[in-house]
Amino acid sequence: MTRPRILHCITVYNGRAFVPAAINSALHLDKSAADIDVLVLDDASPEPGWSEELAVFCQERGAFYYRTPRNLGIPRNVNLGMLTALKRGYDYVVISNSDVLYPSDLMSTMLPVARQPGVGSVTAWSNNVSLYSLPNLDPNRHLKDQEVVNWLHSTLKGHFGHAAMDIPAGISFCLLISTDVIKEVGIMDPCFGRGYCEETDWSLRSLAAGYRICLAPGTFVFHHGRGSNVDAGIVSKNLTTVPGNEAIIDLRYPQFRQQVEAFVHSGILARAHEDAISCIARSAAQQFGYSIEQGSIEKNNLDEDRVQVQLSPDGYSHTAQVSFRGFRLAIPFDPTDAQNSIQTYFQREPSTTSLLSVKNGDASLRQLDKNKARYPSLI
Amino acid sequence: MNNEKTIVTNTMDLNEISLEQALIDFEVANARVVDLTGRLTSLSKELLQTKTELATVKLRNSVPAGGAPYQGSSIQNYEGVENLRDTVRQLRASRAVRAASLFSSKLRKVLAQ
């Protein structure tokens, strides 16, 4: 099999604060599975001096750069990328936002998923990918780091492999499409103006043409979200979509909302979320260790860099809350032997255990770590 | 804004692709405008026709414009029935009816019921 050629398009509109990181991240994508060219499509950013700066930045680092003579809006800027891939002989095109961080190993999962029978498009998984988002308390604080993104991707890849989850519609924050599919389905409809919902329309057209719309759960791309769109005034800070464009989708695909509801209620997504966070917590515990603490004792600041297990955070249930880098997971435990049941879950001993022991009506904090040398600073 | 004066060096020239697609987009947009104008015209005609039919139906049912929908007298509505009976009695007793009954056997039969 010949090495596929991928045109990785990053659509840009202003975004001085986050675009360079996204471009750097794209330029560090592992090229062992494919030849990857990075194309930055600057949609006539109005921020003074930014386009010049960006052009130099791209030139110095070996990314292609093109600034449109006038603002096109997201759908037509995306189309420029799709058409360039099509006309310049690329096998795949990636449509991506500019407020993202890619794992270096991204294509080793995205490509095998795209090659599965009938797959028309593959959306990467993320903390911010519409309704498919992997829940996290504060992604900007806990996940916006290249090393963390690489680790999360590698962990999810290890668990989900090349699994393809069929979803109602793709999300173009990081969407891989074969150019053969573009030949058949066409490009984004410019009737969506400055953007939003155009990829839903495209996905549903691809579905009508017989292609699968898939999400790759074995990937993780950090997505800040709405960075360019708020800048461009497409959406206000209080809105997450464009009502006029949703109305077009409702008119063209009257059953789409029901299909989305059916997907959500199928439980596939909830199960995937639980599996993913469980896998992240177990892997982190295996690699970095974990602590068990009395959950009913309130802590103001959790150390999110390590896995912490809080027993019965509500004070009465037999559920422990696992926390790690903004991810939260509830797991059951045996109250008669809490430590052992948690240990079985993580398949290793805890690094520290701090439990409240009540003996003869006298409450005291009991340190159960291996050397029993010091008390934790819980109270 | 002085954006138009700035010089930015593109490292990939996509002007040709962009221009070609802009022309295609224009053609598509134009075709859509023509199509939508046609639809708008025919739907406007349909709307006018429907409004006319509705007005005719309202007039037939003696419903004043903006008034409540027509409702027949209910047999349960005794006050309404009494009013109607009163009107009939007044009609029967009127000079016009009495004079007409002199010349019409059919009317006499109706009044006899």
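This is a predicted model: local features need pLDDT of at least 70, side-chain atom pairs count only at pLDDT 80 or more; totals for chains, interfaces and linings use all residues.
Chain A is divided into two domains, with domain 1 covering 5–266 and domain 2 covering 289–367. Where these two domains of chain A meet, the contact takes 8 residues from domain 1 and 5 residues from domain 2. On the side of domain 1 of chain A that touches domain 2 of chain A, the largest share, 3 residues, comes from helix α5 (residues 139–142) of chain A, and by class this side has 4 nonpolar, 2 polar and 2 charged residues.

Chain B is likewise assigned two domains, domain 1 (12–65) and domain 2 (77–113), and the C-alpha centres of these two domains of chain B lie 57 Å apart. Between the chains, 13 residues of chain B are in contact with 19 residues of chain A; the side of chain B that touches chain A has 5 nonpolar, 7 polar and 1 charged residues.

In soluble globular proteins, nonpolar side chains tend to be buried together. The largest nonpolar core here has 105 residues, and those with the most contacts inside it are V40(A), V93(A), M110(A) and C214(A). Strand β9 (residues 212–223) of chain A gives the most to this core, contributing 7 residues. Because domain 1 and domain 2 of chain A both give residues to this core, it lies between them. The surroundings of V93(A) can be followed residue by residue: leaving aside residues up to four places away in sequence, V93(A) touches L7(A), C9(A), G81(A), M82(A), A85(A), I177(A) and T179(A).

Strand β11 (residues 307–311) of chain A is mostly covered, with 5 of its 5 residues buried. In a regular strand the side chains alternate between the two faces of the sheet. In β11(A), V307(A), V309(A) and L311(A) point one way while Q308(A) and Q310(A) point the other way, and all are buried.

The next partner of β11(A) is strand β12 (residues 319–324) of chain A, which runs antiparallel to β11(A) and is joined to it by 4 bridges; here L311(A) stands opposite A320(A) in β12(A). From there, β12(A) pairs with strand β13 (residues 327–332) of chain A in the antiparallel sense over 6 bridges, with A330(A) in β13(A) as the bridge partner of Q321(A). The hairpin of β12(A) and β13(A) has 2 residues between the strands, and in this hairpin R325(A) takes a positive phi near 45°.

Most residues other than glycine have a negative phi, and most peptide bonds are trans. Two further residues of chain A, neither of them a glycine, also have a positive phi: S130(A), at about 55°, and Y196(A), at about 95°. S130(A) is placed in the loop between β6 (119–126) and α5 of chain A, whereas Y196(A) lies in the loop between α7 (179–185) and α8 (198–208) of chain A. S130(A) counts as partly exposed because it has 19 C-beta neighbours inside 10 Å, while Y196(A) has 22 other C-beta atoms within 10 Å and is therefore buried, the cut-off for burial being 20 or more.

Key. Residues are numbered from 1 along each chain as its sequence is written. Chains are lettered from A and ligands numbered from 1 in the order in which they are written. Domain bounds come from an automatic or database domain assignment. A nonpolar core is a set of buried Ala, Val, Leu, Ile, Met, Phe, Trp, Tyr and Cys residues joined through C-beta atoms within 7 Å. A residue is buried if 20 or more other C-beta atoms lie within 10 Å of its own, exposed if 12 or fewer, and partly exposed in between; C-beta atoms are placed from the backbone. Two residues are in contact if their C-beta atoms, placed from the backbone, lie within 7 Å. Ala, Val, Leu, Ile, Met, Phe, Trp, Tyr, Cys and Pro count as nonpolar, Asp, Glu, Lys and Arg as charged, and the others, Gly among them, as polar. Two strands pair if DSSP finds at least two bridges between them.
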